[in-house]
Amino acid sequence: PRLREDLAVLLHSPPPPPTPRPTPGEVLLREIFWRLTAKQLQEASAKALHAGDPRMALLISSVGEAHKDANHSLKDCLGQQIRCWQERQCEDLVDVHRLSIYRLLAGDLDVFESDAGDCSGLDWLRHLGCFLWYRTPSLSVSLSSALEQYFAYAAARSCRPYPPYVQALCRIGAQLKQAPESTGGTKAAVEVLRKMHAIGSAHRDLLYHLLRLHASPKYAFTGSHLAALLSPLTHTYSSLDHRLSFHLYCLLRDLGFCQSQSLYRGLGTHVVVGFASQLEMEGLWHWALFALLHLPPDANGKSTARQRALRQVLSRGLGAEMLRGSSDAVASIKAFLETKLHIPALWIKEAEEDLDAFLRRAEPADPRLLGTAVERGLSRQPLPHFTGLLNYAEQWVW
């Protein structure tokens, strides 16, 4: 029930306003259509009544009560009327925007596939909402069954579940194309957006994966599906942002969706190390230790790789903290490591000894640069596999 309520709130959010048409009547009909895609029946009915069309206002106001009936008599009557127009070849005599409203109320979602209704601004969530409201037989159908019906219906349609930032990139790109050439860098920015759009279009929205998982728990037991769900590109254009992916991985693991040991170790290690690397690069090395504590055990059941990763980050982070921080700050961090993260005191002592050994080997030719060099070497040195990703990420900074 909670998922149904959350999904209803999300789907009822108003869609972006359509581009106005020159004819006031067309603008009004398109606005009514867009209101219906968010199931804002009261607002759509008021618009129709204000425009002097009481028949459409009565039809829209009757939809809410009619669709509660399993027989869907109103929807069937609308569908029969539309088919009658098509058979008698008088469909062209009806205003195209008015016909789109009738088709939507009749549960004919193919209106989204045509250019007649100008539905280019509708995303897949709006398409899903219309399917649940105007096409699902009755409210007695469970949400899982309705979602399965939608996935089967949408598989043959062009409404792909793109991540939300893909449509945002399209809108930004359209605005940049309309900008004057004198703005400088417009063409380069459009090219960057085009590449980002191409990368994002190859992935599906994170919410789509979660709904698939709700409809069929077996969806997560396929390695490719779970890897796609945990990919950062399902919700952000930055492939290096593992914040949400890490928390999703921990949640799915605790719920038992990572039962395969090979999947648990391989995919889990990738997500955890990626998030820990991100935290360390931001200077939050102590929280990187927290992330590394979630590393899965080795194949033999031991935690050798986890301990090695923890000790390496601890040596770099604590050494840099001791050089640039005060004694009180260092003592506070040590207390956090021991009491909150339960890092062994022996590991902390070994990290301090590593710093002492480094200082003894360092040449004291320029003491003023020693602290900066050590801090850069211990705190800002990324993990080996992270360097290539950083070089790739720099190409997207603009």
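The protein chain exposes about 21,900 Å², of which carbon and sulfur atoms supply 55% (Shrake-Rupley method, 1.4 Å probe). This is a predicted model, in which local features need pLDDT of at least 70 and side-chain atom pairs count only at pLDDT 80 or more, while totals for chains, interfaces and linings use all residues. Residues are numbered from 1 along each chain as its sequence is written, and side-chain values use heavy atoms, with hydrogens and water left out.

**Exercise 1.** Determine how the axes of helix H15 and helix H17 are arranged, and which residues make the contact.

*Solution.* Begin with the elements: H15 covers residues 285–292 and H17 covers residues 327–339, helices being DSSP runs of H or I with at least four residues, numbered from the N terminus. Next, take the axes, which come within 11 Å and cross at roughly 10°; they are lines fitted to C-alpha atoms over the stretch in contact, with angles running from 0 to 180 degrees between N-to-C directions. H15 is therefore roughly parallel to H17, a term for angles under 35 degrees. Finally, the contact (heavy atoms within 4.5 Å) is made by Trp285, His286, Trp287 and Leu289 of H15 together with Ile333, Phe336 and Leu337 of H17.

Terms used:
Helices (H or I, at least four residues) and strands (E, at least two) are DSSP runs, numbered from the N terminus. Angles under 35 degrees count as roughly parallel, over 145 as roughly antiparallel, 65 to 115 as roughly perpendicular and the rest as oblique.
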